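Please read this briefing alongside the sequence and the model, and take up the topics in the order given.

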Amino acid sequence: MKAKNAIVGAKVKIKRSSKWYSYGIRSNPKDTTGTITTFNLDADLEGDFSTNVDWGNGFTNCYRLIDLKLVKE
């Protein structure tokens, strides 16, 4: 995902190429759409774990943008 597409409220999934995809646990769910909730603006959005995602299942997690893909609705 490119930083220009990363906005609060955007819908995302974990990319299959991400190492987090293979975990498939509630805080890293496979094939599940989540919502970006916040960013750590002091971090490098592309390379740091700076993007917070709410998975809608009671769990959230923080990711690098390279681990996420934008879901178009």
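Tyr63 touches Ile14, Trp20, Ser27, Asn28, Asp48, Phe49, Ser50, Thr51, Val53, Trp55 and Leu68, where residues up to four places away in sequence are not counted and contact means heavy atoms within 4.5 Å. This is a predicted model, in which local features need pLDDT of at least 70 and side-chain atom pairs count only at pLDDT 80 or more, while totals for chains, interfaces and linings use all residues. Residues are numbered from 1 along each chain as its sequence is written, and side-chain values use heavy atoms, with hydrogens and water left out.

**Core and buried contacts**

- Tyr63 is, together with Ile14, Ile36 and Val53, one of the residues with the most contacts inside the largest nonpolar core, which has 14 residues; such a core is a set of buried Ala, Val, Leu, Ile, Met, Phe, Trp, Tyr and Cys residues joined through side-chain atoms within 4.5 Å.
- Strand 1 (11–14) and strand 2 (34–39) each supply at least two residues of this core.
- Thr51, whose place is in strand 3, counts as buried at 0% relative accessibility, where buried means under 20% relative accessible area, exposed over 50%, and partly exposed in between (1.4 Å probe, protein chains only).
- Leaving out residues up to four places away in sequence, Thr51 touches Ile36, Thr38, Phe39, Asn61, Cys62, Tyr63, Leu65 and Leu68.

**Sheet**

- Five strands form an open sheet in the order 4-3-2-1-5, with antiparallel pairing; strands are DSSP runs (E, at least two residues) numbered from the N terminus, and two of them pair if DSSP finds at least two bridges between them.
- Strand 4 (60–63) and strand 5 (68–70) stand at the edges with a single partner strand each, so one side of each is left without a neighbour in the sheet.
- On average, neighbouring strands of this sheet are turned by 45 degrees against each other, direction ignored, the axes being lines fitted to C-alpha atoms and angles running from 0 to 180 degrees between N-to-C directions.
- Strand 3 (residues 51–54) pairs with strand 4 in the antiparallel sense over four bridges; in strand 4, Thr60 is the bridge partner of Asp54, and Cys62 is that of Asn52.

**Salt bridges**

- The count comes to two salt bridges, each defined by a side-chain nitrogen of Lys or Arg within 4 Å of a carboxyl oxygen of Asp or Glu.
- Asp31 and Arg16 form a salt bridge in which the closest N and O atoms are 3.7 Å apart; Asp31 is partly exposed at 47%, whereas Arg16 counts as exposed at 64% relative accessibility.
- Asp67 and Arg64 meet through their side chains at 2.9 Å, N to O, with Asp67 buried at 3% and Arg64 partly exposed at 22%.

**Aromatic pairs**

- The whole structure holds three aromatic pairs, meaning rings of Phe, Tyr and Trp (its six-membered ring) with centres within 6.5 Å, whose planes count as stacked under 30 degrees apart, as edge-to-face over 60 and as tilted for the rest.
- Trp20 and Tyr23 form a tilted pair, 5.4 Å centre to centre with 35 degrees between the planes; Trp20 counts as buried at 17% and Tyr23 as partly exposed at 46%.
- Trp20 and Phe49 form an edge-to-face pair, 6.1 Å centre to centre with 75 degrees between the planes.
- Trp20 lies in the loop between strand 1 and strand 2 and Phe49 in the loop between strand 2 and strand 3, so the pair ties together parts that are 29 residues apart in sequence.
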